Amino acid sequence: MALSVFDLFSIGIGPSSSHTVGPMRAALMFARSLAADGQLDRVTRLRVELYGSLGATGHGHGSDKAVLLGLSGEAPELVDPRAVAGRLAQMRASRRLSLLGRHEIDFDEATDLVMHRTRSLPGHSNGMTCEAVVEGLDEPVRRTFYSVGGGFVVVEDGSGGHRVVEDETPVEHEFRTGDELLAICEATGRSIAQVMLDNERAWRTEAEVRAGLLEIWRVMQECVDNGITTEGVLPGGLRVRRRAPELALRLALEEGNVDPLRGLDWITLYALAVNEENAAGGRVVTAPTNGAAGIIPAVLHYYVRFVPGADDLGVVRFLLTAAAIGMIIKEGASISGAEVGCQGEVGSACAMAAAGMAAVLGGTPGQVENAAEIGMEHNLGLTCDPVGGLVQIPCIERNAVAAVKAVTAARTALRGDGSHIVSLDKVVKTMRETGADMKVKYKETARGGLAVNVIEC
């Protein structure tokens with residue numbers, strides 16, 4: 001299956017790529033399939049059931065809202081976050097749902113949208129089924145979807161297996177592992193970013209790739225700006241106060257401070273701003289997930305603000321390099337917190353950001369791979385234990401810490417020659433095995449770790 005940089009970086013809304021973006025896409029896919037089969041206008045009843053992690057933390061992650069929006073025709077990259085509350089209030093008050101905005105049916109969340117907190121489907125911990133009663137059909141139309149992380153959705157086929165709509169587009173340089181990528185770089189003399197750009201030309205012109213990545217960067221910048229300028233308390237009941245606005249003000253007042261570690265405070269600010277926006281359901285870029293959406297933007301902002309000579313070409317190089325690492329991790333392990341814990345989300349994003357930073361600082365492919373390995377290695381075993389099922393504690397601060405760690409990983413790798421004992425492939429394999437060994441309660445269920453040891457207020 002060919003993956004594009006724009007599969008790893010996509011524009012959506014918070015608070016979760018697997019629990020918000022994925023279910024919204026799945027619900028939209030189901031509604032569109034009914035329309036494609038000529039059944040939409042004959043639907044008399046519809047029922048959606050969420051399982052596993054989706055059922056356990058779906059309310060805190062906005063899965064219920066996402067399903068309603070997707071069924072009504074909204075896509076995560078296009079929906080207006082500011083209009084969501086009003087749309088949902090109208091649906092819930094009327095107990096009516098307009099499928100794709102064209103066909104109205106009765107829809108009562110209490111009975112038609114069911115969250116199974118302790119039941120799972122066999123294919124993945126993020127499973128959901130959609131069932132429609134269609135006039136004229138003896139049996140309901142039923143489909144099963146799995147939200148496998150980063151907004152990616154897999155459809156279950158009739159045999160109980162999985163069907164991914166694979167992109168069979170041939171690319172110039174095929175790779176699935178770090179070793180394969182390094183071999184390509186050595187054979188061609190090209191950097192990781194150049195290898196990625198060669199592959200992206202299978203879908204788009206070079207100009208379109210650059211423009212698309214700069215648009216991703218623009219949305220990341222907008223997200224940081226929104227996070228810095230929006231005060232208040234995050235939704236969900238924990239009463240978590242937004243800290244980015246106050247920190248931004250303090251850093252502005254300290255302009256001229258000669259503290260050599262002051263740059264780390266800016267990294268923290270950028271990450272907090274993004275993840276507070278994500279927690280509030282704002283517009284974010286999955287990078288590669290929403291729960292870890294602040295790490296790459298924070299490190300990129302650090303690059304632009306503090307690295308001499310930083311420019312748009314560097315931003316493009318950073319994102320292409322980071323995406324290559326994300327693809328290797330997705331192919332070899334997982335980017336889903338519900339599947340392998342937060343090591344798959346924050347760990348993956350840290351590795352990607354470390355690689356991107358090493359690349360724009362002039363690192364060789366070997367040094368870039370080393371930076372990614374360091375970033376991933378030192379997040380191994382990280383659990384996903386959101387308090388109250390909300391993407392707030394410990395998620396927001398965790399992004400800030402991992403962003404700093406990514407810069408450290410890049411600088412550490414650049415002090416070496418690229419040779420190291422633990423390869424990226426070995427650490428990715430270890431992450432996959434660690435996730436398999438991890439107890440289910442530590443995989444985005446809010447039934448272990450901080451989620452049970454911190455009292456919800």
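Colleague: Which side chains does the polar contact of 3.4 Å join?

Modeller: Those of Asn275 and Asn399. A polar contact here is a pair of N or O atoms within 3.5 Å; within protein, one must be able to donate a hydrogen and the other to accept it, and residues adjacent in sequence count only if both atoms are side-chain atoms. Before we go on: this is a predicted model, where local features need pLDDT of at least 70, side-chain atom pairs count only at pLDDT 80 or more, and totals for chains, interfaces and linings use all residues. Residues are numbered from 1 along each chain as its sequence is written, and side-chain values use heavy atoms, with hydrogens and water left out.

Colleague: Is Asn275 buried or exposed?

Modeller: Asn275 counts as buried, at 2% relative accessibility. Buried means under 20% relative accessible area, exposed over 50%, and partly exposed in between, with a 1.4 Å probe and protein chains only.

Colleague: Where is Asn275 found, and what does Asn275 touch?

Modeller: Asn275 is found in helix α11, residues 262-279. Helices (H or I, at least four residues) and strands (E, at least two) are DSSP runs, numbered from the N terminus. Leaving out residues up to four places away in sequence, Asn275 touches Asn290, Gly291, Ala293, Gly294, Ile396 and Asn399. Contact means heavy atoms within 4.5 Å.

Colleague: Now the domains. What does the domain assignment give?

Modeller: Domain 1 (17-163) and domain 2 (178-442). The bounds come from an automatic or database domain assignment. The centres of the two, taken over C-alpha atoms, are 30 Å apart. Their contact takes 19 residues from domain 1 and 17 residues from domain 2.

Colleague: What does UniProt list for residues 4-156?

Modeller: An unreviewed entry there has "domain: Serine dehydratase beta chain" for residues 4-156. UniProt positions are given in the numbering used here, feature names are shortened, and annotations may be inferred rather than shown by experiment. In the model that span is 40% helix and 31% strand, with its end C-alpha atoms 23 Å apart.

Colleague: And for residues 189-451?

Modeller: UniProt lists "domain: Serine dehydratase-like alpha subunit", also from an unreviewed entry. Residues 189-451 are 62% helix and 2% strand, and the end C-alpha atoms lie 48 Å apart.

Colleague: On to packing. Which residues touch the most other members of the largest nonpolar core?

Modeller: Phe9, Ile296 and Leu319, in a core of 106 residues. That core draws at least three residues from each of domain 1 (17-163) and domain 2 (178-442). A nonpolar core is a set of buried Ala, Val, Leu, Ile, Met, Phe, Trp, Tyr and Cys residues joined through side-chain atoms within 4.5 Å.

Colleague: What does Leu319 touch?

Modeller: Beyond residues up to four places away in sequence, Leu319 touches Val5, Phe9, Leu213, Ile216, Met220, Ile296 and Leu300. There is also a second, separate core of 39 residues, including Leu40, Val67, Phe107 and Met115.

Colleague: What about Leu28: buried or exposed?

Modeller: Leu28 is buried, with a relative accessible area of 5%. Leu28 lies in helix α2, residues 17-36. Its contacts, not counting residues up to four places away in sequence, are Gly70, Leu71, Gly73, Glu74, Ala75 and Leu100. Leu28 and Ala75 are 47 residues apart along the chain, and their C-alpha atoms are separated by 7.1 Å.

Colleague: Switching to charges. How many salt bridges does the structure hold?

Modeller: It holds 28. A salt bridge is a side-chain nitrogen of Lys or Arg within 4 Å of a carboxyl oxygen of Asp or Glu. One of them joins the side chains of Arg95 and Asp108 at 3.7 Å, N to O.

Colleague: Which parts does that pair tie together?

Modeller: Arg95 lies in the loop between α5 (81-94) and β3 (96-99), and Asp108 in the loop between β4 (103-106) and α6 (109-112), so the pair ties together parts 13 residues apart in sequence. Arg95 counts as exposed at 51% relative accessibility, while Asp108 is partly exposed at 25%.

Colleague: Where do Arg210 and Glu206 lie?

Modeller: Both lie in helix α9 (residues 206-229), four residues apart, about one turn of the helix. Salt bridges that share partners join Arg190, Asp198, Arg201, Glu206 and Arg210 into one network.
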